[in-house]
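Please read the following points alongside the coordinates. They are arranged by residue and by element, so that each can be checked separately.

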Amino acid sequence: MSTITKLVPIPSGINQGIKPARQQTMLSLIGNPRATYTSKCQNPTNPLISSLIVVETVGRLKVRGLSPAVASLRAVIDEIRTSIPDVLRRSDTWNAMRKTHYAARPRRSAITRGELPSI
């Protein structure tokens, strides 16, 4: 098994005290991304949200998203590039998350506790 795919336990105490933002909180702060929704991927029409959307190249990825999220992704990729460059050399493709219609997704945690690959 390759070093970058070997499973290691998740450290205890990771992300303590962090809770996901509630939908009602996000709606009250920035409003709905769109006035109407369909089952297709659509751009936001809310001017506040639209003004935060950027398209940038991060590593080998062309990403489109909220500028703070793209900046965070850039920081992670930069850290990987300097501390564990083998991960970037071995990756042939990268997949980026895209927005989906919220109501179409089941209500569950996006991350489940388990094992992380060692790097």
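1. Val55 is partly exposed, its relative accessible area being 49%, and its place is in strand S2. In this predicted model, Val55 touches Lys62, Val63 and Arg64, if residues up to four places away in sequence are not counted. The C-alpha atoms of Val55 and Leu66 are separated by 8.9 Å, the two residues being 11 apart along the chain.

2. Strand S2, which spans residues 53-58, also contains Glu56, and the side chain of Glu56 meets that of Arg74 in a salt bridge with an N to O distance of 2.4 Å. Arg74 belongs to helix H3 (residues 67-83), so the pair ties together parts that are 18 residues apart in sequence. As to accessibility, Glu56 counts as partly exposed at 29%, and Arg74 is likewise partly exposed, with a relative accessible area of 29%.

3. Arg81 is partly exposed, with a relative accessible area of 39%, while Asp78 counts as partly exposed at 36%.

4. Arg34 deserves a separate check. Its place is in the loop between H1 and helix H2, the latter covering residues 47-50. Arg34 is buried and yet has no salt bridge, and the nearest side chain of opposite charge, that of Glu56, is 21 Å away. Which polar partners does the side chain of Arg34 have? A polar atom of this side chain lies 2.8 Å from the backbone oxygen of Thr36, and a polar contact of 3.4 Å joins the side chains of Arg34 and Gln42. Leaving out residues up to four places away in sequence, Arg34 touches Gln42, Asn43, Pro44 and Thr45.

5. Gln42 can be read together with Arg34, to whose side chain the side chain of Gln42 is joined by the 3.4 Å polar contact. Gln42 lies in the loop between H1 and H2 and is partly exposed, with a relative accessible area of 22%; the cut-off under which a residue counts as buried is 20%. The side chain of Gln42 also reaches the backbone nitrogen of Thr38, at a distance of 3.2 Å.

6. On the surface, Met26, Leu29, Ile30 and Leu48 form a nonpolar patch, and together they have about 380 Å² of accessible area. Which element supplies the largest share of the nonpolar patch? Helix H1, made up of residues 23-30, contributes that largest share with 3 residues. Ile30 is a residue of helix H1, and at 36% relative accessibility Ile30 counts as partly exposed.

7. Most residues other than glycine have a negative phi. Asn15, although it is not a glycine, has a positive phi of about 60°. This residue lies in the loop between strand S1 (7-9) and H1. Is Asn15 buried or exposed? Asn15 is exposed, its relative accessible area being 53%.

8. The protein chain has 4 helices and 4 strands, and when it is read along the sequence the pattern is β-α-α-β-β-α-α-β. Of the 119 residues of the protein chain, 14% count as buried. The accessible surface of the protein chain comes to about 10000 Å², with 57% of it belonging to carbon and sulfur atoms. Among the contacts in the protein chain between residues at least 6 apart in sequence, 44% join residues that are at least 24 apart.

Methods: Residues numbered from 1 in each chain as written. Predicted model: local features only at pLDDT ≥ 70, side-chain atom pairs only at ≥ 80, totals over all residues. Heavy atoms only, no water. Patch = residues over 30% accessible without salt bridge, like charges linked within 9 Å, V, L, I, M, F, W, Y side chains within 5 Å. Areas by Shrake-Rupley, 256 points an atom, 1.4 Å probe, with all protein chains shown as cover. Salt bridge = Lys/Arg side-chain N within 4 Å of Asp/Glu carboxyl O. Helix = DSSP H or I, 4+ residues; strand = E, 2+ residues; numbered from the N terminus. Buried < 20%, exposed > 50% of the residue type's maximum accessible area, 1.4 Å probe, protein only. Lys, Arg positive; Asp, Glu negative; His and termini not counted. Polar contact = N/O pair within 3.5 Å; in protein donor to acceptor, adjacent residues only side chain to side chain. Contact = heavy atoms within 4.5 Å.
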